[in-house]
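Subject: Structure for you to look at

Hello,

Here is the structure I said I would pass on. Please open it first and keep it in view while you read the notes below.

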Amino acid sequence: MFQAADAGNEDEYWTHFPHQADMGVRGVGPTREAAFEQAALAMTAVIADPARVAPDTAVAICCEAPDDELLLVDWLNALILEMAARHMLFSRFEVSLDGPRLSATAWGEPIDLDRHQPAVEVKGATYTELKVGRTASGGWQAQCVVDV
Amino acid sequence: MNPALFKQVSEVEWRVKPFGKMRVPAVIYADQALIRDMDDKVFEQLTNVATLPGIVQAAYAMPDAHWGYGFPIGGVAAFDADEGGVVSAGGVGFDISCGVRTLHTGLRSADILPLKERLADRLFAHIPAGLGSTGPLRLSPHEMDAMLRCGARWAVEHGYGSEADLDRIEEHGCMAGAEPGQVSEQAKRRQRDEIGTLGSGNHYLELQEIVEIYDTKAADRFRLRQDEVVVSIHCGSRGLGHQIGSEFLKQMVIAAPGHGIELPDRELACAPIQSALGQAYLGAMRAAVNCALANRQVITHLARQVFSDIVPGTRLDLIYDVSHNTCKQEPHTVDGRTRRLYVHRKGATRAFGPGHPALPGDLRDIGQPVLIGGSMGTASYILVGTETGATRAFSSACHGAGRAMSRHQATRQWHGRALVDELASRGILIRSPSLRGVAEEAPGAYKDVSAVVEAADRAGLARKVARLKPLVCIKG
């Protein structure tokens, strides 16, 4: 729940939105890829301040789903799996989409409790408030609620 | 939520007749004030559940119901496999078999008082909690499968507790029908070093004082005495359960049209019980139940180590262990006929009444202990299952307070350090790896657990036995 850092690009940003028990993550960008990258950043920010996470180690991620919305959930769930299994946090993402397939690189570092001060563990991305689509200004938006 | 959406049957029972694609009525057990405080989504989600194939009798919501994923949290629904009934990954939830167990310490609160700080510090140091924490075990693939097949029994066989513990755990500590082969490698990878960890969010280990007894007969049978201190543990199947929930939710969404199922909400994803996917989910879900039971058993062992160091000779005997995110096959009498139903309880506690054959012999005549968790700083309750519960919601009761406020709102209203200090001034010691996590879990962000329990008692879902007050809370 940290504020989105000024990325120097008002077309590309992330936000959180409230849910009674959990938290909504939303990424906005000029392309679907950018919106997916920003949504991932929003998810990191549920846990800790992304500005404190050094993008030192790269992890490759691939997933596939029949539509954009299921693909967003798969992408976030793949990151949750890597965070949990590797005990890492991620702060930089590069996504490429090819039809139903996503391939990406996430950069981050091992969790440092003192420096990162993680507040909660994100347990899963959900289909609640799940939307991937165009914004009024012609960009892309990707959002869902994550279970914490 | 507007109570006028329902027909009031009694002070604590409200019904919606089937409309649209609903196959059965929707029923909420709560008083008017609790219903007013519920999110409108509870109505939408409960009436959606009532549309699912093979649902029996009604879709039920407990007094602590709130907006969940597909099912409301606090939702109960039973399905008949022979009538095309379904099993729903959303109806079980992500944290499969999340639950509560409570243990006697045999110590009085006055005995604990001078040791409270030391106990809090040692428990916090010894019991892994919060993001990135790892447990005392690293499971090989072979041991992982053994744990998933045998649950708390596996833990006891490895020296974590005793046979007596198993008598006081649902399913005798080992859920039958678990199929580790249906659990993905990713789920197992996520769990490799997480056995014996609390997790984060609303999970905790608390020392609690028994401050009030309502039912002396049941309290005597559960060995609950006023002023004595108990230990309660709230956590679930950790990463493994979440991974299974996420993976099967997607498979069920994709397969639904092929099964002829029209989903009103993707989160309600389900599959016919008799389908290959339904059976695969049940096998994996039961393995996750065993993972949660093993997890709580190992944490119990860690708590016992701390107590035996600080108060030598203390035994932490298990009172009971309940799971509140499950789907279990159970016999229930509907319209005079006994049927084996798949009962989903999403944020709801099983509450078997007296005489139920699944209860341990020494509790069978009194009924099942029903453990209701509070939220740092507020009360927890122990109830007992009733005979009337079987005719209400397939012997189910509430599971806790339920959130009243989002995490966003909570962090705007409270600061972690100030909250820890304020609770300390009231004699409640909080230990947590995250002050922001504490603020998000502020007691004021939850509904009034006492009102929830009163409603459950008045509705005949379960009967109040004792109220517990927190003394120490190790927050995940």
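Predicted model: local features only at pLDDT ≥ 70, side-chain atom pairs only at ≥ 80, totals over all residues.

Interface of chain B and chain A

On the side of chain B, 42 residues are in contact with chain A, and 49 residues of chain A take part. Together the two chains bury about 3800 Å², and 54% of that area lies on carbon and sulfur atoms.

How many salt bridges are there between chain B and chain A? The count is 4. One salt bridge pairs Asp74(A) with Lys250(B), and their closest N and O atoms are 2.5 Å apart.

Four helices of chain B each supply at least two residues of the side that touches chain A: α9 (185-191), α11 (238-255), α14 (407-413) and α16 (435-440). Of the elements in chain B, α11(B) gives the most to this side, with 8 residues. Sorted by class, the side of chain B that touches chain A holds 9 nonpolar, 17 polar and 16 charged residues.

Cysteines

The count of disulfides over all chains is 0. Cys174(B) is in no disulfide, and the nearest cysteine sulfur, in Cys150(B), is 5.0 Å away. Cys174(B) is partly exposed, at a relative accessible area of 24%.

Cys473(B) is buried, and its relative accessible area is 0%.

Asp165(B)

Asp165(B) belongs to helix α8 of chain B, which covers residues 163-167. Is Asp165(B) buried or exposed? Asp165(B) is buried, with a relative accessible area of 3%. Setting aside neighbours within four places in sequence, Asp165(B) is in contact with Gln297(B), Arg304(B) and Leu318(B). With Gln297(B), the side chain of Asp165(B) also makes a polar contact of 2.9 Å.

Regards

Methods. Residues numbered from 1 in each chain as written. Chains lettered and ligands numbered in written order. Heavy atoms only, no water. Contact = heavy atoms within 4.5 Å. Buried area = accessible area lost by both parts, 1.4 Å probe. Salt bridge = Lys/Arg side-chain N within 4 Å of Asp/Glu carboxyl O. Nonpolar A, V, L, I, M, F, W, Y, C, P; charged D, E, K, R; others polar. Disulfide = S-S within 2.5 Å. Buried < 20%, exposed > 50% of the residue type's maximum accessible area, 1.4 Å probe, protein only. Polar contact = N/O pair within 3.5 Å; in protein donor to acceptor, adjacent residues only side chain to side chain.
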